[in-house]
Amino acid sequence: MIDKLKKEENTRAFVMLVIITSCFLLVYLINNVFSHFEPGTWLYRDAKLFPTYPPAGNDFRVGYYNPAHYLIESQFVAIGPNGTYPSNYPPLVALSGLPYAFFNMTTAYAIHVVILILTNLANLVMIVLMVKKILLENLPLSNFAINIISVILFFLASYFVFSSYFFLFSLERGNTDSILMFYCMLAMWVLIKRPNNIWLQVILLSVAVHFKIYPIVLFPILLFKHGKKLILPALLVNLAFLFCLGPKMAWEFIRGVTSGGQGAGIGNVWAGVGNHASYSFSIGIDKTSGQFLSETFFVIWGITFFIPLLIWAITAISIVLKKYSTINALLLFMVSFPIMCLLPTYSIDYRLVIFGIAIVILFGLIIKHFVQKFSWFDLIQVVLLAGVLLMFSRSNVFIDENLVFFNNKYVWILLLEVFMSINIFRSQKKCYQTGIKTAIDDVHG
């Protein structure tokens, strides 16, 4: 069997798909079936997977629906009562919510839920098509085999996302992470299909940034492609979006989002086990802080902040030192997902829905490596990845709240980043070796 694996690409592809599928099935069973049986009594319990705020759609109502109504009532001078700006979202969010104002809140939320489901599906369809085109099509497999791999990747990722507690969490809150990621995916799609259309790429990515700020870390991908030509379009478009409701609301947004309390600055109230940002994770570790943050906390936060940033920076630099290509753009896109979650001061677990995209790229890259050459490392890392995804997608209610390193998703996202970085460096090494072999063949030819 081992000899067959080493010699036949189709056998390697089949075995890897069986292992990956088995791992995803096991993750589902442990998190969604076995977890409901109480140890000792073996009674079945239907646990509450995340905190709820009835009626459903709290984030949608507070951050999306109400601001649009106040915008209309105030004749576009405020998004809150008495001229206030009670939101951490940029001004463009209130403007984009205006179509919901034609409906009552319940109907608008129902429409929003459908949009969230569709955008999650659209994101997975687009990334599978990209992975198929960029990573899989050059493999020594038939078109039928490549199509089968692509379809299996789509259904595995869809099943993983839609059966997860963080997807249900995002629906219950009515959060918009899948919508802004849809714009990120469109920007990547245009970058691949129409690489010289810089304005459309900037507009699409900037829309995502002005839903929530964290997609700003994806601009290095466009900078990688366009260089200094990116500066003027990026500056003009983002300034236009920031001031789309005037300078007063732009300033109120900046002041609000950088403040503590209900804002997103230091001292905000969002820290907790369901917040996987390095800031919140550090608060969970530091037991010396009372009402005020201690010096110990800032040391821990500095470490937990810079570790994922350093891994990303080293990996990103290794990519951009190479010549721009669609595969390098895709790899830089993948390794940027962890810092989109870990670097902001708060990242609630419903944001994890965006990782369906990164997981498709990562497993597509592993399949590519294994089909090209048999490696025990690939078989082992898939099993290890299954363990990471198990904890990554496991609701906090099934883990002892005192086990911060297990309960908070920070560690599991960081481990995913490590796997991404390792496989990116492996990919670059393979490309380097292939380039040397081609050059030698050309000389002898």
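Residues are numbered from 1 along each chain as its sequence is written, and side-chain values rest on heavy atoms, with hydrogens and water left out. Because the model is predicted, local features need pLDDT of at least 70 and side-chain atom pairs count only at pLDDT 80 or more, whereas totals for chains, interfaces and linings use all residues.

Salt bridges were assigned where a side-chain nitrogen of Lys or Arg lies within 4 Å of a carboxyl oxygen of Asp or Glu. The count by this rule is seven. Helices are cited by number from the N terminus and are DSSP runs (H or I, at least four residues), strands being runs of E of at least two residues. Aspartate 177 takes part in a salt bridge with lysine 212, with 3.0 Å between the closest N and O atoms. Aspartate 177 belongs to helix 8 (residues 177-193), and lysine 212 to the loop between helix 9 (198-209) and helix 10 (219-226), so this pair ties together parts that are 35 residues apart in sequence. Burial was classified from relative accessible area: buried means under 20%, exposed over 50%, and partly exposed in between (1.4 Å probe, protein chains only). Aspartate 177 counts as buried because its relative accessibility is 1%, and lysine 212, with a relative accessible area of 7%, is buried as well.

Aspartate 177 also forms a salt bridge with arginine 351, where the closest N and O atoms are 3.6 Å apart. This pair links distant parts of the chain, 174 residues apart: aspartate 177 is in helix 8, and arginine 351 is in the loop between helix 16 (337-342) and helix 17 (355-372). Both aspartate 177 and arginine 351 are buried.

A further salt bridge joins the side chains of glutamate 252 and arginine 255, at 2.8 Å from N to O. The two residues are three apart in helix 12 (residues 247-257), and therefore about one helical turn separates glutamate 252 from arginine 255. Glutamate 252 counts as buried at 18% relative accessibility, while arginine 255 is partly exposed, its relative accessible area being 46%.

Grid points were joined across faces, edges and corners, and a volume is the space filled by probe spheres set on the points. Six cavities of 30 Å³ or more were counted by this rule. The largest cavity has a volume of about 70 Å³. Lining residues are those with an atom within 4 Å of a point; for the largest cavity they are Phe24, Val27, Tyr28, Asn31, Asn32, Tyr159, Phe160, Ser163, Ser164 and Ser393. Helix 2 (9-32) and helix 6 (143-162) each supply at least two residues of this lining, and helix 2 gives the most, with five residues. The lining of the largest cavity comprises five nonpolar, five polar and no charged residues, where Ala, Val, Leu, Ile, Met, Phe, Trp, Tyr, Cys and Pro count as nonpolar, Asp, Glu, Lys and Arg as charged, and the others, Gly among them, as polar.

On the surface, Ile2, Trp376, Ile380 and Leu384 form a nonpolar patch with about 410 Å² of accessible area together. Patches consist of residues with over 30% relative accessible area and no salt bridge, nonpolar side chains (Val, Leu, Ile, Met, Phe, Trp, Tyr) being joined within 5 Å and like charges within 9 Å. Accessible areas come from the Shrake-Rupley method with a 1.4 Å probe, and for residues only the protein chains shown count as cover. Helix 18 (residues 376-392) gives the most to the nonpolar patch, with three residues.

Several backbone features lie in loops. Proline 54 and proline 55 are joined by a cis peptide bond with omega of about -5°, and proline 55 is found in the loop between helix 2 and helix 3 (58-73). Phenylalanine 76, although not a glycine, has a positive phi of about 65°; this residue lies in the loop between helix 3 and helix 4 (91-96) and is partly exposed at 41% relative accessibility. Asparagine 82, likewise not a glycine, has a positive phi of about 60° and is exposed, with a relative accessible area of 80%.

How values were computed:
On a 1 Å grid over the protein atoms alone, a cavity is a set of points where a 1.4 Å probe fits but cannot get out, and a pocket is an open set with protein on both sides within 12 Å along at least five of seven lines; lining residues have an atom within 4 Å of a point.
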